[in-house]
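Student: Hey, could you walk me through this structure? I'd like to go bit by bit.

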Amino acid sequence: MNKRAFIKGLALTAIAKPLGLQALQPFVEKHAHIPAHELAGKEDFWVTIRQGYALKSDYINLENGYYCIQPQAVLEKFVAHAREVNYQGSWYMRTVQWDNKKKAAARLAAVAGCGEDELVITRNTTESLDMVIGGQDWKPGDEAVMAEQDYGSMLDMFKLVAKRYGMANKLVSVPNHPKDDDEIVQLYASAITPRTKLLMIGHMINITGQILPVRKVCDMAHARGVKVMVDGAHAFAHISFKIPDLGCDYYGASLHKWLSVPLGAGILYVRKDAVAGVWPLLADGERKPDDIGRLNHIGTHPTHTDLTISDAIDYYEMIGAQRKEERLRFLQRYWTEKVRTVPGLIVNTPVDVQRSCGIANVGVSRLKPSELAETLLKKYRIWTVAIDYANVHGVRITPNVYTTTDELDVLVKALRELAVAS
Ligand SMILES: Cc1ncc(COP(=O)(O)O)c(C=O)c1O
(Lines give C-alpha, C1' and ligand atoms only; values in the text may rest on other atoms or scores of the structure.)
Protein backbone atom coordinates (compact mmCIF):
# COMPACT_ATOMS: atom_id res chain seq x y z
CA MET A 1 0.00 0.00 0.00
CA ASN A 2 1.46 3.39 -0.89
CA LYS A 3 1.53 6.18 1.68
CA ARG A 4 -1.37 8.13 0.17
CA ALA A 5 -3.62 5.06 0.15
CA PHE A 6 -2.54 4.27 3.69
CA ILE A 7 -3.34 7.76 5.01
CA LYS A 8 -6.69 7.60 3.18
CA GLY A 9 -7.31 4.27 4.87
CA LEU A 10 -6.61 5.86 8.24
CA ALA A 11 -9.20 8.53 7.53
CA LEU A 12 -11.74 5.81 6.76
CA THR A 13 -10.83 4.01 9.98
CA ALA A 14 -11.59 7.24 11.80
CA ILE A 15 -15.22 7.28 10.69
CA ALA A 16 -15.87 3.48 10.69
CA LYS A 17 -17.82 2.13 13.69
CA PRO A 18 -15.18 1.50 16.38
CA LEU A 19 -14.85 -1.90 18.01
CA GLY A 20 -16.38 -2.19 21.48
CA LEU A 21 -14.89 -3.96 24.47
CA GLN A 22 -16.88 -7.15 23.87
CA ALA A 23 -15.49 -7.51 20.36
CA LEU A 24 -11.95 -6.64 21.44
CA GLN A 25 -11.72 -8.94 24.45
CA PRO A 26 -11.75 -12.29 22.54
CA PHE A 27 -9.46 -10.78 19.92
CA VAL A 28 -6.88 -9.81 22.57
CA GLU A 29 -7.23 -13.17 24.33
CA LYS A 30 -6.41 -14.95 21.08
CA HIS A 31 -3.00 -13.27 21.22
CA ALA A 32 -2.34 -14.06 24.89
CA HIS A 33 0.26 -16.72 24.03
CA ILE A 34 2.50 -14.21 22.22
CA PRO A 35 5.11 -12.65 24.55
CA ALA A 36 4.49 -8.91 25.04
CA HIS A 37 7.82 -7.85 23.51
CA GLU A 38 7.01 -9.86 20.38
CA LEU A 39 3.44 -8.63 20.10
CA ALA A 40 4.77 -5.07 20.36
CA GLY A 41 5.90 -5.26 16.75
CA LYS A 42 2.86 -7.02 15.30
CA GLU A 43 1.21 -4.22 13.37
CA ASP A 44 -1.99 -6.14 12.56
CA PHE A 45 -2.78 -6.57 16.24
CA TRP A 46 -2.36 -2.87 17.01
CA VAL A 47 -4.27 -1.73 13.95
CA THR A 48 -7.24 -3.65 15.35
CA ILE A 49 -6.79 -1.89 18.70
CA ARG A 50 -6.71 1.36 16.73
CA GLN A 51 -10.13 0.54 15.34
CA GLY A 52 -11.53 0.97 18.84
CA TYR A 53 -10.76 4.69 18.69
CA ALA A 54 -12.41 7.55 16.82
CA LEU A 55 -9.45 9.50 15.47
CA LYS A 56 -9.30 12.84 13.69
CA SER A 57 -7.97 12.49 10.18
CA ASP A 58 -6.63 16.08 10.00
CA TYR A 59 -3.22 15.17 11.42
CA ILE A 60 -1.13 12.40 12.91
CA ASN A 61 -1.50 12.85 16.66
CA LEU A 62 1.93 12.56 18.30
CA GLU A 63 0.91 14.72 21.27
CA ASN A 64 -0.75 12.16 23.50
CA GLY A 65 1.33 13.41 26.44
CA TYR A 66 -1.18 16.11 27.30
CA TYR A 67 -3.96 13.60 27.64
CA CYS A 68 -4.83 10.27 26.12
CA ILE A 69 -8.28 10.24 24.57
CA GLN A 70 -10.57 7.39 25.55
CA PRO A 71 -11.21 4.44 23.29
CA GLN A 72 -14.85 4.45 22.20
CA ALA A 73 -15.68 1.57 24.55
CA VAL A 74 -14.73 3.72 27.55
CA LEU A 75 -16.24 6.90 26.13
CA GLU A 76 -19.61 5.19 25.70
CA LYS A 77 -19.54 4.08 29.34
CA PHE A 78 -18.73 7.65 30.38
CA VAL A 79 -21.71 9.00 28.46
CA ALA A 80 -23.93 6.33 30.01
CA HIS A 81 -22.71 7.26 33.51
CA ALA A 82 -23.40 10.94 32.82
CA ARG A 83 -26.94 10.07 31.74
CA GLU A 84 -27.50 7.91 34.81
CA VAL A 85 -26.19 10.50 37.28
CA ASN A 86 -28.31 13.13 35.56
CA TYR A 87 -31.32 10.84 35.83
CA GLN A 88 -30.74 10.02 39.50
CA GLY A 89 -29.87 13.62 40.43
CA SER A 90 -29.31 14.42 44.09
CA TRP A 91 -30.53 10.95 45.04
CA TYR A 92 -27.36 9.57 43.47
CA MET A 93 -25.22 12.19 45.22
CA ARG A 94 -26.79 11.55 48.63
CA THR A 95 -26.85 7.76 48.51
CA VAL A 96 -24.23 5.84 46.52
CA GLN A 97 -21.82 8.55 45.33
CA TRP A 98 -19.21 7.92 48.03
CA ASP A 99 -19.49 4.14 48.00
CA ASN A 100 -18.91 4.17 44.26
CA LYS A 101 -15.94 6.51 44.57
CA LYS A 102 -14.45 4.20 47.22
CA LYS A 103 -14.87 1.21 44.88
CA ALA A 104 -13.06 3.08 42.10
CA ALA A 105 -10.28 4.07 44.52
CA ALA A 106 -9.96 0.43 45.62
CA ARG A 107 -9.48 -0.67 42.01
CA LEU A 108 -6.83 2.02 41.53
CA ALA A 109 -5.09 0.89 44.71
CA ALA A 110 -4.97 -2.63 43.24
CA VAL A 111 -3.38 -1.29 40.01
CA ALA A 112 -0.93 0.77 42.10
CA GLY A 113 -0.21 -2.17 44.41
CA CYS A 114 -0.81 -0.11 47.57
CA GLY A 115 -3.24 -0.26 50.47
CA GLU A 116 -6.75 1.11 49.96
CA ASP A 117 -6.04 3.39 52.91
CA GLU A 118 -3.07 4.94 51.09
CA LEU A 119 -4.70 6.26 47.92
CA VAL A 120 -7.38 8.80 47.09
CA ILE A 121 -8.88 10.02 43.83
CA THR A 122 -8.07 13.65 43.11
CA ARG A 123 -8.72 15.78 40.02
CA ASN A 124 -5.19 15.66 38.63
CA THR A 125 -1.47 15.49 39.43
CA THR A 126 -1.40 19.21 40.16
CA GLU A 127 -3.95 18.88 42.95
CA SER A 128 -2.24 15.77 44.36
CA LEU A 129 1.30 17.12 44.45
CA ASP A 130 0.55 20.76 45.25
CA MET A 131 -1.42 19.54 48.28
CA VAL A 132 1.65 17.67 49.51
CA ILE A 133 3.93 20.66 48.87
CA GLY A 134 1.55 23.15 50.48
CA GLY A 135 0.67 20.74 53.27
CA GLN A 136 4.15 20.35 54.78
CA ASP A 137 4.93 21.98 58.11
CA TRP A 138 7.48 24.34 56.55
CA LYS A 139 9.69 26.41 58.84
CA PRO A 140 11.94 29.31 57.78
CA GLY A 141 15.25 27.91 56.52
CA ASP A 142 13.83 24.50 55.54
CA GLU A 143 14.85 23.31 52.09
CA ALA A 144 13.37 21.31 49.24
CA VAL A 145 15.17 19.70 46.29
CA MET A 146 13.77 19.37 42.76
CA ALA A 147 14.90 19.58 39.12
CA GLU A 148 14.53 22.35 36.58
CA GLN A 149 13.07 19.68 34.26
CA ASP A 150 10.14 19.18 36.67
CA TYR A 151 6.65 20.33 35.77
CA GLY A 152 5.97 24.08 36.05
CA SER A 153 2.91 23.88 38.35
CA MET A 154 4.86 22.08 41.04
CA LEU A 155 7.87 24.37 40.69
CA ASP A 156 5.46 27.32 41.05
CA MET A 157 3.93 25.78 44.18
CA PHE A 158 7.39 25.39 45.71
CA LYS A 159 8.07 29.07 44.90
CA LEU A 160 4.79 30.00 46.61
CA VAL A 161 5.60 28.14 49.82
CA ALA A 162 9.10 29.66 49.75
CA LYS A 163 7.52 33.14 49.76
CA ARG A 164 4.99 32.23 52.37
CA TYR A 165 7.10 30.29 54.86
CA GLY A 166 10.65 31.39 54.17
CA MET A 167 11.82 27.97 53.06
CA ALA A 168 14.30 27.61 50.16
CA ASN A 169 14.31 25.58 46.96
CA LYS A 170 17.39 23.95 45.44
CA LEU A 171 17.23 23.01 41.79
CA VAL A 172 19.37 20.39 40.08
CA SER A 173 19.53 19.86 36.31
CA VAL A 174 19.02 16.31 35.05
CA PRO A 175 21.32 15.42 32.10
CA ASN A 176 19.50 14.15 29.00
CA HIS A 177 21.94 11.26 28.64
CA PRO A 178 23.09 10.10 32.09
CA LYS A 179 25.99 7.67 32.22
CA ASP A 180 24.28 5.49 34.83
CA ASP A 181 21.85 5.55 37.77
CA ASP A 182 24.59 6.62 40.11
CA GLU A 183 25.07 9.88 38.24
CA ILE A 184 21.40 10.75 38.90
CA VAL A 185 21.53 9.62 42.54
CA GLN A 186 24.67 11.69 43.16
CA LEU A 187 23.10 14.70 41.45
CA TYR A 188 20.15 14.72 43.86
CA ALA A 189 22.39 13.82 46.82
CA SER A 190 24.61 16.83 46.09
CA ALA A 191 21.68 19.21 46.67
CA ILE A 192 20.67 17.76 50.05
CA THR A 193 21.76 19.57 53.23
CA PRO A 194 20.86 19.01 56.90
CA ARG A 195 17.93 21.43 56.33
CA THR A 196 16.38 19.46 53.45
CA LYS A 197 12.89 18.23 54.25
CA LEU A 198 11.39 17.15 50.92
CA LEU A 199 12.74 15.99 47.57
CA MET A 200 10.60 15.95 44.43
CA ILE A 201 11.53 13.67 41.54
CA GLY A 202 9.79 12.93 38.25
CA HIS A 203 9.20 9.24 37.57
CA MET A 204 9.21 10.03 33.85
CA ILE A 205 10.35 13.53 32.87
CA ASN A 206 7.52 14.95 30.78
CA ILE A 207 9.66 16.95 28.34
CA THR A 208 12.06 14.14 27.39
CA GLY A 209 10.41 10.90 28.52
CA GLN A 210 13.47 10.00 30.61
CA ILE A 211 12.67 7.48 33.37
CA LEU A 212 14.58 8.23 36.56
CA PRO A 213 15.91 5.67 39.09
CA VAL A 214 13.32 6.60 41.69
CA ARG A 215 13.92 3.68 44.06
CA LYS A 216 17.64 4.48 44.34
CA VAL A 217 16.98 8.19 44.88
CA CYS A 218 14.38 7.36 47.58
CA ASP A 219 16.83 5.09 49.40
CA MET A 220 19.53 7.76 49.26
CA ALA A 221 17.16 10.51 50.46
CA HIS A 222 15.65 8.42 53.26
CA ALA A 223 19.12 7.58 54.53
CA ARG A 224 19.51 11.35 54.98
CA GLY A 225 16.10 11.79 56.65
CA VAL A 226 14.47 13.42 53.59
CA LYS A 227 10.96 12.55 52.39
CA VAL A 228 10.40 11.92 48.67
CA MET A 229 7.46 12.98 46.52
CA VAL A 230 7.24 11.44 43.05
CA ASP A 231 5.59 13.10 40.06
CA GLY A 232 4.14 10.12 38.24
CA ALA A 233 1.95 12.04 35.80
CA HIS A 234 3.44 10.18 32.84
CA ALA A 235 4.39 6.87 34.39
CA PHE A 236 1.11 5.56 35.83
CA ALA A 237 -0.52 3.09 33.35
CA HIS A 238 2.33 3.78 30.89
CA ILE A 239 5.06 1.65 32.44
CA SER A 240 4.15 -1.18 34.81
CA PHE A 241 5.32 -0.88 38.41
CA LYS A 242 3.89 -0.92 41.91
CA ILE A 243 4.13 2.29 43.90
CA PRO A 244 5.34 0.69 47.18
CA ASP A 245 8.29 -0.83 45.27
CA LEU A 246 9.53 2.70 44.60
CA GLY A 247 9.84 3.33 48.34
CA CYS A 248 8.50 6.89 48.07
CA ASP A 249 6.42 8.77 50.62
CA TYR A 250 4.06 10.48 48.18
CA TYR A 251 3.08 9.76 44.57
CA GLY A 252 0.76 11.75 42.30
CA ALA A 253 -0.53 11.01 38.81
CA SER A 254 -3.21 12.09 36.36
CA LEU A 255 -5.61 9.40 35.19
CA HIS A 256 -6.63 11.33 32.06
CA LYS A 257 -3.11 10.75 30.80
CA TRP A 258 -2.10 7.13 30.33
CA LEU A 259 -5.09 5.39 31.92
CA SER A 260 -7.41 7.20 29.45
CA VAL A 261 -9.94 8.21 32.08
CA PRO A 262 -12.08 11.22 31.02
CA LEU A 263 -10.54 14.61 31.81
CA GLY A 264 -10.29 15.59 35.46
CA ALA A 265 -9.13 12.58 37.48
CA GLY A 266 -5.92 11.81 39.33
CA ILE A 267 -4.49 9.88 42.25
CA LEU A 268 -2.64 10.80 45.39
CA TYR A 269 -0.75 8.04 47.18
CA VAL A 270 0.59 8.74 50.64
CA ARG A 271 2.44 6.02 52.52
CA LYS A 272 0.39 5.12 55.58
CA ASP A 273 2.98 6.44 58.04
CA ALA A 274 3.24 9.77 56.17
CA VAL A 275 -0.49 10.63 56.03
CA ALA A 276 -0.64 12.33 59.41
CA GLY A 277 2.17 14.71 58.45
CA VAL A 278 0.30 16.41 55.57
CA TRP A 279 -2.08 19.34 56.07
CA PRO A 280 -5.11 19.12 53.77
CA LEU A 281 -5.72 21.86 51.22
CA LEU A 282 -9.43 21.92 52.07
CA ALA A 283 -10.70 20.93 55.51
CA ASP A 284 -12.75 17.77 55.95
CA GLY A 285 -14.04 17.81 59.51
CA GLU A 286 -12.75 15.58 62.27
CA ARG A 287 -10.96 12.43 61.16
CA LYS A 288 -8.13 10.38 62.57
CA PRO A 289 -4.72 11.93 61.72
CA ASP A 290 -3.72 8.91 59.62
CA ASP A 291 -6.97 8.80 57.62
CA ILE A 292 -6.06 9.70 54.04
CA GLY A 293 -9.68 10.83 53.56
CA ARG A 294 -8.58 14.04 55.33
CA LEU A 295 -6.77 14.97 52.13
CA ASN A 296 -9.70 14.33 49.84
CA HIS A 297 -12.29 17.05 50.37
CA ILE A 298 -12.99 18.78 47.06
CA GLY A 299 -16.71 19.52 47.18
CA THR A 300 -19.17 18.60 44.46
CA HIS A 301 -17.45 17.33 41.34
CA PRO A 302 -18.21 15.26 38.18
CA THR A 303 -19.08 11.89 39.69
CA HIS A 304 -19.54 10.35 36.23
CA THR A 305 -15.78 10.77 35.75
CA ASP A 306 -15.17 8.80 38.97
CA LEU A 307 -17.53 6.10 37.73
CA THR A 308 -15.63 5.74 34.46
CA ILE A 309 -12.37 4.92 36.27
CA SER A 310 -13.37 1.25 36.60
CA ASP A 311 -14.21 1.06 32.88
CA ALA A 312 -10.84 2.55 31.98
CA ILE A 313 -9.12 0.01 34.24
CA ASP A 314 -11.10 -2.80 32.51
CA TYR A 315 -9.81 -1.55 29.17
CA TYR A 316 -6.24 -1.17 30.46
CA GLU A 317 -6.28 -4.68 31.90
CA MET A 318 -7.80 -6.06 28.72
CA ILE A 319 -4.87 -4.66 26.71
CA GLY A 320 -2.48 -5.72 29.49
CA ALA A 321 -0.01 -3.48 31.30
CA GLN A 322 3.03 -5.29 29.94
CA ARG A 323 1.71 -5.37 26.38
CA LYS A 324 0.97 -1.66 26.48
CA GLU A 325 4.39 -0.78 27.88
CA GLU A 326 6.19 -2.93 25.31
CA ARG A 327 4.21 -1.44 22.40
CA LEU A 328 4.84 2.13 23.54
CA ARG A 329 8.55 1.45 23.95
CA PHE A 330 8.64 -0.30 20.58
CA LEU A 331 7.06 2.73 18.89
CA GLN A 332 9.50 5.16 20.48
CA ARG A 333 12.52 3.09 19.55
CA TYR A 334 11.12 2.49 16.07
CA TRP A 335 11.51 6.16 15.18
CA THR A 336 14.37 7.27 17.45
CA GLU A 337 16.66 4.52 16.12
CA LYS A 338 16.14 5.86 12.61
CA VAL A 339 17.08 9.45 13.47
CA ARG A 340 19.45 9.28 16.44
CA THR A 341 22.64 9.51 14.40
CA VAL A 342 21.38 11.78 11.59
CA PRO A 343 23.51 14.94 11.50
CA GLY A 344 21.44 18.01 12.34
CA LEU A 345 19.04 16.07 14.56
CA ILE A 346 19.36 15.87 18.34
CA VAL A 347 17.48 13.20 20.29
CA ASN A 348 17.08 14.42 23.88
CA THR A 349 16.00 11.05 25.31
CA PRO A 350 18.40 8.39 26.62
CA VAL A 351 19.09 5.36 24.45
CA ASP A 352 19.04 2.79 27.32
CA VAL A 353 15.93 0.62 27.16
CA GLN A 354 15.12 1.02 30.86
CA ARG A 355 15.50 4.82 30.76
CA SER A 356 12.60 5.58 28.44
CA CYS A 357 9.33 4.19 27.12
CA GLY A 358 6.79 5.82 24.75
CA ILE A 359 7.84 9.47 25.01
CA ALA A 360 10.91 10.99 23.38
CA ASN A 361 12.08 14.44 22.32
CA VAL A 362 13.92 15.50 19.17
CA GLY A 363 15.35 18.80 17.98
CA VAL A 364 16.53 20.03 14.58
CA SER A 365 19.65 22.09 15.21
CA ARG A 366 18.85 24.88 12.71
CA LEU A 367 15.23 25.35 13.88
CA LYS A 368 13.74 26.75 17.03
CA PRO A 369 11.44 24.17 18.66
CA SER A 370 8.40 26.37 17.88
CA GLU A 371 9.44 26.52 14.19
CA LEU A 372 9.94 22.77 14.12
CA ALA A 373 6.50 22.10 15.64
CA GLU A 374 4.90 24.52 13.20
CA THR A 375 6.66 23.00 10.17
CA LEU A 376 5.73 19.49 11.25
CA LEU A 377 2.09 20.51 11.48
CA LYS A 378 1.81 22.70 8.41
CA LYS A 379 4.02 20.79 5.99
CA TYR A 380 3.71 17.21 7.25
CA ARG A 381 0.43 17.23 9.22
CA ILE A 382 2.04 15.95 12.39
CA TRP A 383 0.79 17.32 15.71
CA THR A 384 3.48 17.65 18.41
CA VAL A 385 4.42 20.14 21.12
CA ALA A 386 7.50 22.40 21.23
CA ILE A 387 9.70 22.30 24.36
CA ASP A 388 12.28 25.04 24.79
CA TYR A 389 13.67 25.36 28.30
CA ALA A 390 16.35 23.96 30.60
CA ASN A 391 18.54 21.61 28.51
CA VAL A 392 15.69 20.51 26.23
CA HIS A 393 15.15 22.15 22.85
CA GLY A 394 12.98 20.17 20.50
CA VAL A 395 9.52 18.72 20.06
CA ARG A 396 8.03 16.07 22.30
CA ILE A 397 6.83 13.03 20.39
CA THR A 398 4.20 10.99 22.22
CA PRO A 399 2.54 8.12 20.38
CA ASN A 400 -0.28 6.08 21.90
CA VAL A 401 -1.36 2.46 21.49
CA TYR A 402 -3.24 3.40 18.33
CA THR A 403 -0.20 4.94 16.63
CA THR A 404 1.04 2.95 13.63
CA THR A 405 4.57 2.51 12.32
CA ASP A 406 3.38 4.02 9.01
CA GLU A 407 2.57 7.22 10.87
CA LEU A 408 6.02 7.17 12.46
CA ASP A 409 7.56 6.69 9.01
CA VAL A 410 5.97 10.01 8.06
CA LEU A 411 7.69 11.57 11.09
CA VAL A 412 11.07 10.01 10.27
CA LYS A 413 10.89 11.23 6.66
CA ALA A 414 9.97 14.72 7.82
CA LEU A 415 12.83 14.88 10.34
CA ARG A 416 15.35 13.62 7.79
CA GLU A 417 14.22 16.22 5.24
CA LEU A 418 14.39 19.01 7.82
CA ALA A 419 17.85 17.91 8.94
CA VAL A 420 19.21 17.87 5.38
CA ALA A 421 17.84 21.35 4.77
CA SER A 422 20.13 22.57 7.56
C1 LIG B 1 5.28 15.69 34.74
C2 LIG B 1 3.94 16.34 34.89
N3 LIG B 1 3.50 16.64 36.11
C4 LIG B 1 2.30 17.21 36.32
C5 LIG B 1 1.48 17.51 35.26
C6 LIG B 1 0.17 18.15 35.53
O7 LIG B 1 -0.87 17.33 35.18
P8 LIG B 1 -2.36 17.85 35.37
O9 LIG B 1 -2.51 19.07 34.53
O10 LIG B 1 -3.20 16.73 34.92
O11 LIG B 1 -2.51 18.18 36.80
C12 LIG B 1 1.89 17.22 33.96
C13 LIG B 1 1.03 17.54 32.82
O14 LIG B 1 1.38 17.40 31.67
C15 LIG B 1 3.15 16.62 33.78
O16 LIG B 1 3.59 16.32 32.56
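Predicted model: local features only at pLDDT ≥ 70, side-chain atom pairs only at ≥ 80, totals over all residues.

Student: Ok, where is D249 found?

Tutor: D249 sits in the loop between α12 (243–246) and β7 (250–254).

Student: And what does the side chain of D249 reach?

Tutor: It's the backbone nitrogen of V228, at 2.7 Å.

Student: Let's switch to R107. Where is that one found?

Tutor: R107 is part of helix α7, which covers residues 97–112.

Student: Why does R107 count as partly exposed?

Tutor: R107 has 26% relative accessibility, and partly exposed is the range between under 20% (buried) and over 50% (exposed), so R107 gets that label.

Student: How far is R107 from V261, in sequence and in space?

Tutor: In sequence, R107 and V261 are 154 residues apart. In space they are 13 Å apart, going C-alpha to C-alpha.

Student: How far is the polar side-chain atom of T126 from an oxygen atom of the ligand?

Tutor: For T126, that distance is 2.5 Å. S254 also has a polar side-chain atom by a ligand oxygen, at 2.7 Å. With K257, an N or O atom in the side chain is 2.7 Å from an oxygen atom of the ligand.

Student: And how much of the ligand's accessible area does the protein cover?

Tutor: On its own the ligand has 390 Å² of accessible area, and the protein covers 87% of that.

Student: Which residues line the largest cavity?

Tutor: The lining is made up of Y53, W258, L259, S260, A312, Y315, Y316, I319, K324, N400 and V401. By class, eight of the lining residues are nonpolar, two are polar and one is charged.

Student: Which helix gives the most to that lining?

Tutor: That's helix α13 (residues 303–319), with four residues in the lining of the largest cavity.

Notes
Residues numbered from 1 in each chain as written. Heavy atoms only, no water. Polar contact = N/O pair within 3.5 Å; in protein donor to acceptor, adjacent residues only side chain to side chain. Areas by Shrake-Rupley, 256 points an atom, 1.4 Å probe, with all protein chains shown as cover. 1 Å grid on protein atoms, 1.4 Å probe; cavity = no way out; pocket = protein on both sides within 12 Å on 5 of 7 lines; lining within 4 Å. Helix = DSSP H or I, 4+ residues; strand = E, 2+ residues; numbered from the N terminus. Nonpolar A, V, L, I, M, F, W, Y, C, P; charged D, E, K, R; others polar. Buried < 20%, exposed > 50% of the residue type's maximum accessible area, 1.4 Å probe, protein only.
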